[in-house]
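Have a look at it first, and then we'll go through some of its helices and strands.

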Amino acid sequence: MRKRSKRLVLGGAIAITCLLAFVLVHAAFFSSTIDPFDTWEQQLYWTGNMRNSEIDLDTQVPKELFRRLVTGEDQIHELDSSGFFCHLNNHSDVCLANKPVMVDYNRLTVYVPSNKTPEINHMIRPYARKDDEKAMEDVTAVKIVEGNSSNNNFPAACKFNHSVPAVIFSSGGFVGNPFHEFNEMIIPLFLTSHHFQSHVQFLISDFNSTWLGKYKRVLAHLSRYKVMDMARKRVAIHCFPGAIVGLNYHGFLAIDSEEIPIGHSMADFRSFLRETYNLKAFNVAVKPRLLLLSRRGSRRFINEGELKKLMKEVGFEVIVASPEATSNLDKFAGLVNSCSVMVGVHGAGLTNQVFLPDGAVVVQVVPLGIDWASTNYFGEPATKMGLHYLEYKIEAEESSLLIAYGPKHSFITKSDPLNVYLMGYKTARAVYIEQQNVIINVVRFRETLVQALNLLGGRELADCLFKGKQFEFHADRENRIGKQNLSNWNGGIHSRKVDQEAPKFLMRRLVRGEDQIRLESTGFSCSTDLHYEVCLANKPVAIDNSALTLYVQSSETQAKHMVQPYALKDDATAMKAVKPVQILHGKTNLPTCNFNHSVPAVVFSSGGFTGNLFHEFNEIIIPLFITCSHFQSHLQFVITDFKPWWVEKYSRVLSRLSSYEVMNPAVNGSVHCFPGAIVGLKYHDNLALNSSDIHGGYSMFDFKQFLREAYELKLKDVPMAEKPVLILISRNTTRRFLNEDEMVIMMEELGFQVFVATPDMMSNLENFSSLVNSCSVMVGAHGAGLANAVFLPAGAVMVQVVPLGLEWASTNYFGGPASEMGLKYLEYKIKPEESSLLSTYGLDDPVIKDPYSIFLKGYYAARAVYVDGQNLKINVTRFRETLFEAMKLLVHPDLLN
């Protein structure tokens, strides 16, 4: 019994002791200056001196990712040489450090070690609206000290060390306004950090917990680490392998892919949002749901009930979104994504157009005096997002200002609002922004809503809904039934009912300036440049396959155009294999239609240099995507110089871009009629898409996403495999590797898993694309096989071996395009002793010493030598250094060790 009592007493004492210990530890932890918010998984609780640390942070810093945030050789050189660079513009200041930094939260200071004396101090307010004094009043400056780390001004040691770079920005400014939240924070944050693939740590000054809760999904997709609140005072010093202070900014709700080496566009940002908020893909023409943005303050619809009634009468399912509904972004994003049309008065709520599905319609009601802001803040961004955009500019009698000031007041009568704004922005804002409400003329506004229906599904949908019929329109009804068969209809082109409005709008995207004006006024336009010629008809046409002639009727005098529909018209050799298409435009008698089609025709050639993979992608596949993708497969391909094997090879691409069987005019001599036609394909550059030349803003990233879907490729980003896969492009004829086996041994010794791809393997594109997509590195001598880089995952490395005399072609055909594809690019320029030309011509021959002199003899003379007459024997010791660099770009520190 005594023993039992002793055990009870001892057990009780131990329990009390443990409880007391827990309480003391708990109290000590939460009373310390270390916030539990700081205990991240990635932190090493290292308290050593930054100057004497044995941790080699520099090797961990993805310096290449920092280089993507600056443009111009001078800026890149400064960043590379000093490890620090600041670029400033009217909207934002951004400073980059691609080397270890220390962050003192208590002082809101970033310390960047350098050899500069004396110290240089930078004051950065990390919010992308520095030209607006009102916004910047709520943005605290971050101090950056650039100097010698041995200086006493630098902290002595790091309390916490992080393994990823810091991104420092403010959630102050105009937070609370959705437009400014997206314009100055969310989109700039995407621009600045997305390519780091979530390997960044966000440090937020002017911390706003409401904003953080609202955009938690976006932040979690851009960084896998919890955000850190710089507003909380801490004595601890945090160290990072690099830092970005401030966010890049391009324009109103805009991403300019030309300013980003990897070519992100608004389409990529919208794709990012779809993934972030798990948004489904909706067919905007299937169920015309309209979202009406309601406002509580100024610029509200006074007759909202009457407006809603009109929308239902026209045929929409109407959802009214109050300001309260928009506060829960997780739910509201899904609601917006389910809508075909968004209607709202100029205001922040229209920012939610970022969640609309592709092809939806934005209708902005423009109050008096707000024309410029309406077009620039929401109109132009909408078109770059791949949306249709309509403006309804109210008349004076639709504005509450008419009652307040009378019809003769300058606020009403001024034809140029700029004159009113010259009275001062605050005066103009007080009137047009803060005092104005609208009462819509529903009779006039009905026309705008019908136009929106036309853009969604054409006149047939608008007519049926307008008449109040219960009608469900399926834009893809033929798609669901199967491939469209030709109808045995022998009527004339004049007697048929064709949906002409939707193709008209889509064709406008393919032309600009005078060509666009000509297309809209006459229904026909041709645009041409050095590489291609494209003719568009947005009106009914007839195509006589036997004569390879297209007829376009108009009131103008008949004119004849001869178009070779292949995008390499500057190459006479290629164009020898391309038959011309004759276009007769003007006063002409149309032949009787044998077959009638409900979608426009796209006429192009599969002649030219088909058989060469580079040329197939460069002159046909990419131009076909540029020309047709925004039609969402509602096109009929008419292929001249028809090659069955080519059609079979690219069957997945063709069926993805068109829901209809391709037509071979050589075996079908009938007359076919279409509601419009495109003859020829748009071309931008070598393996390139220039998003600024496309109203929908497509980029090379969109094309690669298209290929991933077409070929069902699994990998979007390069895999972090223990043993990265390298694909070696082997050649059978010229520019082949004479010591290929020796190269493979070296590659395997270096740590790669090597696949040797022979030309016969590449013939089956469906299988080969999957193989390429599984690889981290592609190695090949300059040649068409490198065009398979389009299937590599983002972040993979292309290593091009550059033979003698082919420097320009190597860089322009594959080097430049590689970076636009989101790949990392390395060149290995061979020495004369690595070329078979040395033994043929000798070291002192101009072929070796002065290739430029050979090219001066003419292209074919140079081609015979450098392209057709050269093989390679690689110095594996020297080449090993290039592959080691490729390994570093993949960020494989364990393998490097």
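## A parallel pair and its crossover

V725 sits opposite Q753, a residue of β30. Keep in mind as you look around that this is a predicted model. The strands behind that pairing are β29, residues 725–729, and β30, residues 753–757; they pair in the parallel sense over five bridges.

How does the chain get from β29 to β30, and what is the hand of the crossover? It goes through helix α26, residues 740–750, and this β-α-β crossover is right-handed.

## A five-stranded sheet

Now move to an open sheet of five strands, ordered β14-β13-β15-β16-β17 with parallel pairing. At its edges you'll find β14 (317–321) and β17 (388–393), each pairing on one side only. On average, neighbouring strands here are turned by 20° against each other, if you ignore direction.

Let's zoom in on one pairing in this sheet. β15 covers residues 341–345 and β16 covers residues 361–366, and the two pair in the parallel sense over five bridges.

Which strands does helix α9 lie across? Residues 304–314 make up α9, and this helix lies across β13 (289–293), β14 and β15, running at about 150° to β14. Helix α11, residues 371–384, packs on the sheet too, where it touches β16 and β17. The direction of α11 makes about 160° with that of β17.

## Helices α5 and α8

Next up is a pair of crossing helices. The axes of α5 (residues 178–193) and α8 (residues 266–276) come within 11 Å and cross at roughly 90°. Angles of 65 to 115 degrees count as roughly perpendicular, so that is how α5 and α8 stand to each other.

On the α5 side, the contact involves F182, I186, I187 and F190. They meet M266, D268, F269, F272 and L273 in α8. Sorted by class, this contact of α5 with α8 has eight nonpolar residues, no polar ones and one charged.

## Helices α22 and α25

Further along, take helix α22 (residues 613–628) and helix α25 (residues 700–710): their axes come within 11 Å and cross at roughly 90°. α22 and α25 are therefore roughly perpendicular to each other.

Which residues of α22 and α25 meet? F617, I621, I622 and F625 come from α22, while M700, D702, F703, F706 and L707 come from α25. This contact of α22 with α25 divides into eight nonpolar residues, no polar ones and one charged.

Note on methods: Residues numbered from 1 in each chain as written. Predicted model: local features only at pLDDT ≥ 70, side-chain atom pairs only at ≥ 80, totals over all residues. Heavy atoms only, no water. Axes fitted to C-alpha atoms, helices over the stretch in contact; angles between N-to-C directions. Helix = DSSP H or I, 4+ residues; strand = E, 2+ residues; numbered from the N terminus. Parallel < 35°, antiparallel > 145°, perpendicular 65-115°, else oblique. Contact = heavy atoms within 4.5 Å. Nonpolar A, V, L, I, M, F, W, Y, C, P; charged D, E, K, R; others polar. Pairing = 2+ DSSP bridges. Right-handed = clockwise from strand over helix to strand, strands pointing away.
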